Amino acid sequence: MTKEQFNDYVLISGSSNPELASKIGGILDKEVCFPVRQFADGEIKIDINVSLRGKDVFIIQSTAPPAVDKYYMETFFLASAARRTSAKDITAVLPYYGYSRQDKMHKQRSPIAAADVAQILVDRGVKRLLTIDLHSEQIQSSISDAWDNLYASSVLIPEIRNLKLGKIVVASPDKGGVERATTYQDMLEGEEDIAVVYKKRDPRSPNRSRITTMIGDVEDKDVLITDDIIDTGGTLMNAANLLKQKGARSVRAAITHGIFSKFEDRDPLMVLEHSAIETLFVTDTIRHRDEVLSHPKIKVVSVAPLFAEAIKRINYGESISELFRYTIPNEDTLPLYKEQYLDSPSHLRIH
Ligand code: R5P
């Protein structure tokens, strides 16, 4: 049996990010099935026109704004349909994992929504989850099935290296991002110490935060802020302003998931344009509106090669740990994509 015949598999896309699903399919040279329709009353209708019996099914869906709940419902129905029609193993490929920030009981009587949605997925027949840059990895313990989490640093770091900035300081915009910032600092062989900005959330408003102080020396340094999510942009902009006040020569940012929510008449794209940030690298885990794609300071880098490689390896029963945190792509880890990754990382950019 050749590898190509090893396991027959089907790629199914929900409606949240068809461009990313198509890219993944293109890299794998595999047709993607788009079965989500809608009834006149708005209910979801699933219309799968290929046989799933005995096949590995990969459901690609970013459960992201603007319709997190609808995208979860689609995923539940797709998994359920696959299970009821005798699919072999069902993997939910969730490039953006909605509710990830509700990963603990933030107050009395609040749900742990990040765990609840994982449990529903498993309940609907999902055997494995595949995500990238989860807000908190501990949430993987909410299910006992396989949950592989990739790292966007694999595709973002080649872009940063390409800037040829020399020794940079990596800054975390809050205490929760210290481990990520340290990883970037190590992988980029930056200055000895990272910088950390202290952020305080307003307990009465989940989208409001302010910064109090920071540690680290950024004077005359090129600084890179790393984070998993940019939502309203408050965290990033506050951190960038403080770093600039503390004497940073330049400030850039690498953030995996770009939501860019407008909040109280504040458009993060406008704020970014007039901010101290020179360039913001984000990935395509979330489908971006045109204003994001054409923004002069935003560069979108695709995670499609990483997901394609992970899907291929899962299907072949090969290890995917090489695609984890400390990996910069090389010929061994991403053999099919050597040219894009190693010879010109900017080929991975969407624009
Ligand atoms: C929070 O801990 C996350 O890592 C992000 O920093 C946060 O979600 C960003 O949100 P916003 O852009 O609304 O400040």
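Colleague: How many of the 9 residues of strand β13 (residues 250–258) are buried?

Modeller: This is a predicted model, in which local features need pLDDT of at least 70 and side-chain atom pairs count only at pLDDT 80 or more, while totals for chains, interfaces and linings use all residues. Numbering starts from 1 along each chain as its sequence is written, and side-chain values use heavy atoms, leaving out hydrogens and water. Strands (E, at least two residues) and helices (H or I, at least four) are DSSP runs numbered from the N terminus, and buried means under 20% relative accessible area, exposed over 50% and partly exposed in between, with a 1.4 Å probe and protein chains only. Strand β13 is largely enclosed by the rest of the structure, because its buried residues number 9 of the 9.

Colleague: Which residue in β13 stands opposite T226?

Modeller: Strand β12 (residues 222–230) and β13 run parallel and are joined by 8 bridges; two strands count as paired if DSSP finds at least two bridges between them. Opposite T226, the residue in β13 is A254.

Colleague: Is R266 buried, exposed or partly exposed?

Modeller: R266 lies in the loop between β13 and α7 (268–273). Its contacts, meaning heavy atoms within 4.5 Å, include T232, G233 and G234, leaving aside residues up to four places away in sequence. With a relative accessible area of 32%, R266 is partly exposed.

Colleague: Which are the edge strands of the open sheet of 6 strands?

Modeller: The order in this sheet is β2-β1-β5-β6-β7-β8, with parallel pairing. Strands that pair on one side only are its edges, and these are β2 (32–33) and β8 (146–150).

Colleague: Over how many bridges do strands β6 and β7 pair?

Modeller: L94 stands opposite T131 in β7. Strand β6 (residues 90–94) pairs with strand β7 (residues 128–132) in the parallel sense, and the number of bridges is 4.

Colleague: Is D133 buried or exposed?

Modeller: D133 sits in the loop between β7 and β8. It has a positive phi of about 45° although it is not a glycine. Because its relative accessibility is 7%, D133 counts as buried.

Colleague: Which two residues does a cis peptide bond join?

Modeller: Most peptide bonds are trans. Here the cis bond has an omega of about 15°, and its second residue is placed in the loop between β5 (56–60) and α2 (68–84). The residues joined are P65 and P66.

Colleague: What is the relative accessibility of A21?

Modeller: A21 belongs to helix α1 (residues 18–28). A21 counts as buried, its relative accessibility being 0%.

Colleague: What radius of gyration does the protein have?

Modeller: The protein has 10 helices and 15 strands, and its C-alpha trace spans about 60 × 50 × 35 Å along the principal axes. The globule rule, with the radius taken over C-alpha atoms, is 2.2 Å times the number of residues to the power 0.38. For 351 residues, a compact globule would therefore have a radius near 20 Å, which agrees with the protein's own value of 20 Å.
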